[in-house]
Amino acid sequence: MPYKPPIMIPGSEKGIRVDSRILEERIQKAVADGYRNIEIIAQGQHGIGGRLWRAGDEPLTMRILGTSGQRVGAMGFPNTMIDVVGPASDDVGWLNAGARITIRGNATNGVANAMAQGKIFVAGDIGARGMTMTKHNPRFDPPELWVLGSVGDSFAEFMAGGIAVICGVGKEWSDNVLGYRPCVGMVGGKIFFRGPHQDYSEKDARLTVPDDEEWRWLNVQMEDFLEAIERAALLTELTADRGAWKLLVARKPYEKTGAPVRNFHRFRAEVWDQELGKGGLIGDLTDQDRSPVELITTGDLRRFIPLWENEKYLPPCQAHCPTGFPVRKRWELIRKGKMQEAVDLALSYTPFPAAICGYLCPNLCMQNCTRQKGDLPAVDVTLLGKASLQAAVPAPAPATGRKIAVIGGGAAGLSVAWQLHMKGHEPVIHEMRRQLGGKITETIPRSRIPDEVVDHELKRLEEEIPHKHLKHPLTGEEFRKLYEKYDIIVIAVGARKPRIIPVPGHERVAAALDFLRESRLDRAKVGKNVVIIGAGNVGCDAAAEASRLGAQSVTLIDIQAPASFGVERKNAEAAGAKFLWPRFTKTITETAVELTDGTVLPADTVIMAVGDQPDLSFLPEEIKTEKGFVVVNEKFQTSDPKVFAIGDAVRLGLLTEAIGAGRVAARAIDDLFRGREESYDQLPAIDTERVKLEYYDPRLPRFEDPLSCAAGCASCGACRDCGLCETICPQNAISRQDLGEGAYEYTVDAELCIGCGFCEGACPCGIWRLIENDTLE
Amino acid sequence: MEPDGQLKPSTLSTKDLPWQVLWSKEKCSLCGLCTAVCPVQAIELGVHRKRVLQITLGLMEKPGNVFGVYHGIRQRTDVAHACIGCGMCDMVCPNHAIMPVHNDEPDKLRFHIDQGGIPRRRGGRRNAPGSLLDEIKFVRISMLTDPALDAGRHEFELRTLLGRILSPEEALRVSREAGWIPPVREIYPLILGGMSFGALSPTMWEGLQMGIAYLNEEMNIPIRFCTGEGGCPPRLLRSRFLKYIILQIASGYFGWDEIIHALPEMKEDPCAIEIKYGQGAKPGDGGLLMWYKVNKLIAAIRGVPVGVNLPSPPTHQTKYSIEEAVAKMIQSMSMAWGFRVPVYPKISATSTALAVLNNLTRNPYAAGLAMDGEDGGTGAAYNVSMDQMGHPIASIVRDAYLNLVKIGKQNEVPIFAGGGIGKNGNLAANAASLIMLGASGVQVGKYIMQATAGCLGSERDRCNICNIGLCPKGITSQDSRLYRRLDPEKVAERLVETVMSFDTELKKIVAPLGRSTSLPIGMSDALGIADKSAAERLGIRHVI
């Protein structure tokens, strides 16, 4: 294209401002026409000098006189050199893609916004948001902005590349050449500046000084800048002091410092504790350790601790045995192969282990056996009871010479005498009958127990203890003599006085105990129809006996649901006895029992079994009674400290209860003799939920022999020494300590234990218990 | 079942419980960590029977049985040991062999949790997962209509005013006459609502306080913490950190003699005094700190002997009317600091709130009103109070604000809203909604416990045993074995992270609305909701 001379394009025609669109068209046309040196007399038109690509590679110079509008050099091309002779408005060099733009005065906001290539030289100051959103495309040189004076607020926001140089000339009066908060969001490029500054975004930019290469670059380029704005004289001033120049560089992503500068440990030490004092907020109120702990802790920091509670609770069998028999202990001895010892143990507790445990007792021990809670059969204690016939009599304690009169040779009297004898005292039994044994030998049907068992056990006792047969009921006078003669009197006369309800015709009835006494001797006679008034266990015994003696129909009536149970009830039912209740007797005639509801029960024989009372006619008035029974305290002591009373004379009960009362009274008397104050509280029964029954075979229907009983006993509350706890403990914290002579204990190493409770969960016998650890104050 | 096989009315199976503990025999290594960590002993080692039939193929031999026993983790089913779903077993299990899962149908435990005739009590929030606040959207996005701001770039002044602000005419008059100008605090709009020393563990409380101090002094965020009713440790009262504290006085008046004794030694005034009349979680009900929780430390701070019951009655015993309560209490509390400290009441959100508000507008000493909605949390309350009592916060805030607008005092008596803010994690959005409905700021508690200490409580009734002192995270326990699980420094750090994140989110909400230097209090034209009746009730846009 041939050379074209400079061309001037005016911004107004005939005094009227040319529209920005028209001016742009004219400029583009001039470039297309080959003009490469253009002068504009601007009248505030926008966007002058941009997009002049039609010049191709040829350099194009544009001088702007007058008043330039916004966006001078916007989208400028690399061939374009714009010289604004004066100040410029907003957004100089917006999206500049290569133009060199010189402003001979100040420029307002937005200089170099989004510039990617090219240079902008400003001979004065610039407004806010200069050098924002700038880019650096690696295909080209980075863009540059040179400012002779200072920049406005929010400089270099989101600056992503390029170089800015702020010379600070003429700003000696200012305390800030960078404006308010520059570099927010800056991610690339650098800013050379000379002069004071205030806060900048430290998160995004790093303050440093130019290195040698940067300093050299600055010196060389400075000459170019000053020449462009025709201020070359300033070169010396601007390059004389390298120390006056600083550099802000965008932080690399990995250099970003979003996090607070002071860490919390330091803050606590340097600020918190410093202000509040050692130990912080509550250091003055407590010296308790508050340092962090793990979720799983040992030692004092455990929330729960296991206890080995061996034999701290009674097994239910023993707890429910009125005699207080150590049932579980006997099975344990058998498990240890000490069969004889297990058998012999019996005589320390009762003179009738075979008769009562083996035959006559309803076996409250078995009724309460824990195994039944797991649908397992109770351990059969009668097997061991029967085996007790062979028990060896233990040697009594050394003789004390203390004498006790025991009035009554029934179960209670024999029990107390037996125990007192074992303790070294001298009991003398006073029995009005020819035979000892009370109800056992007198009224309990033979079908319930073989004679040889009773004979054997009575003989064993009689060989040990002296007794007198009074052959008549005790008189008051005799009682007074005994009282004088003996150290202690024990009343165990039983309840032999039948209660008879005074209905019309009651003279006809037989008292149940009398009937049973006679029937035992086969002297009783019954008619075809027998009616028994009172359907308790005694009534049941009478029913069974009546049937045995030939009665064809036996009817028991009661005013309430019959209280009978166990073998007695079963025997009566087996004999075909009918039970009727609630029924009330109106009259007893020669042939029948008439009830209040009008029913007539044919009756050849009528037996009254509504309970018995003790015959206490011998008792001095000073000894308190209530409703016909002797009043005692929990040690079976009467209102006269020298007189004790036990058995049915105190309260009607089971044989085992009479035996138990004898044991307690003997112990109290022994304490009295020896001057001891003892508590009679027994250990509490174990919570059977602690015992694990899953370890036992659920399929065994019943026990065949004492050995299988011993194996099946759950050993409630007493350690079997199985070692399961030692094995299951996940921390290896439990160990068995041998205490010598067969004694042992299991202990826990607190420093290993985490309080998981596995020992408690696994223990077959319920020995281990997990409890809350003591409060830490 | 009962071991004796007896079925009782309250005999429950695992299926009847809210949570079932799933246990894998195959993965379990019987290490004991789960039973050791379980807060309520809901699991134990169980002994189990096992039976395997031995059958030869072809049936040529007589089949047999092999019986045996194995050990495993068993869930207890009695009411007192029902699993609470906290999941600590899962957390400690090295093999992921155990985990509680929520029942897929309503549990039966709820019908039996009144053993002994005592209704259920618990901690946590109303068991209702939904939140109206979550449904509110910010629909007014500034673009070309007015300058949009950039949350990442613009500097924001997210501050609010706590205190009675005089109208311009009044302010001029008072300053001309050199009269009394009510104290006003410029604070962060997020306030940590009343959580007492006692309700929270010492480590939790100290951690939060430390975080508050850090935010104020290192991060330049003027956030405040309300002590709740339990006094304030003497050292804090005498430190410069007191200015970050709002001291609460409630019907139990615990710890106030210690505060009074500290008056001469205070380096700073407290931020404000909050008079608590009610709590959103249990409106109209008081509280009782059981004697066994009143240990040496709590006793010292509350100024009571160790081991006594500490009742906070439902009402202030000597205040019989609004007039009296407001007049007496606000004036007296103002006097304590020479009228230099703002004093405001806090009530549970209620349909009678406007009566209280109107009264406050006529009292020149009233510095504002805090209202706590039905979704607020608590350390202990009757389940019935928590689930069924109370008023939603959004509508009551709106009513209160519009009432102030009606009498021209919307810029004079600030309203602070609390109760369920951030219930489902949307802390900033819920806060912004309430602010735009008219609140000057929000009070949060439960969210803070969840975010800063990993509180496991949920509105599907997970954990929620704050009331029995067995908090598995050590947040609400006074047992050092539990609260030492919590490191105060870590709590402080999490509080700072939480608030910084809230700050960014709040900016992300208010920047597009074109706000950066004043909170958009009452800017309800920015809000929209799809529920037409909610839109009408709240006076915001119905958007679908």
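**Domains, strands and cores of the predicted model**

The C-alpha centres of domain 3 and domain 6 of chain A are 57 Å apart. The structure described here is a predicted model. In the domain assignment of chain A, domain 3 is made of two segments, 307-311 and 719-772, and domain 6 covers 500-613. Domain 5 is likewise given as two segments, 403-495 and 614-674. The assignment also lists domain 1 (105-255), domain 2 (261-286) and domain 4 (316-391).

Strand β18 of chain A spans residues 488-491. Side chains in a regular strand alternate between the two faces of the sheet. In β18(A), A:I488 and A:V490 point one way, whereas A:I489 and A:I491 point the other way. All four of these residues are buried. Strand β15 of chain A (residues 403-407) pairs with β18(A) in the parallel sense, over 4 bridges. In this pairing A:A405 stands opposite A:I489. β18(A) also pairs with strand β31 of chain A (residues 643-645), again in the parallel sense, over 3 bridges. Here the bridge partner of A:I491 is A:A645 in β31(A).

The largest nonpolar core has 271 residues, and A:V490 and A:I491 are among the members that touch the most other members. Apart from its neighbours within four places in sequence, B:M371 is in contact with B:I347, B:A349, B:A353, B:I393, B:I396, B:V397, B:A400, B:I415 and B:A417. A second, separate core contains 73 residues, including A:W94, A:A114, A:F193 and A:L218.

Just after the helix, B:G438 takes a positive phi of about 135 degrees.

Between the two chains, 49 residues of chain A are in contact with 52 residues of chain B. On the side of chain A that touches chain B, α4 (264-276) and α21 (758-762) each supply at least two residues. The most is given by α4(A), with 8 residues. By type, the residues on this side of chain A comprise 23 nonpolar, 12 polar and 14 charged.

Definitions and conventions. Residues are numbered from 1 along each chain as its sequence is written. Chains are lettered from A and ligands numbered from 1 in the order in which they are written. This is a predicted model: local features need pLDDT of at least 70, side-chain atom pairs count only at pLDDT 80 or more; totals for chains, interfaces and linings use all residues. A residue is buried if 20 or more other C-beta atoms lie within 10 Å of its own, exposed if 12 or fewer, and partly exposed in between; C-beta atoms are placed from the backbone. Two strands pair if DSSP finds at least two bridges between them. Two residues are in contact if their C-beta atoms, placed from the backbone, lie within 7 Å. Ala, Val, Leu, Ile, Met, Phe, Trp, Tyr, Cys and Pro count as nonpolar, Asp, Glu, Lys and Arg as charged, and the others, Gly among them, as polar. A nonpolar core is a set of buried Ala, Val, Leu, Ile, Met, Phe, Trp, Tyr and Cys residues joined through C-beta atoms within 7 Å. Domain bounds come from an automatic or database domain assignment.
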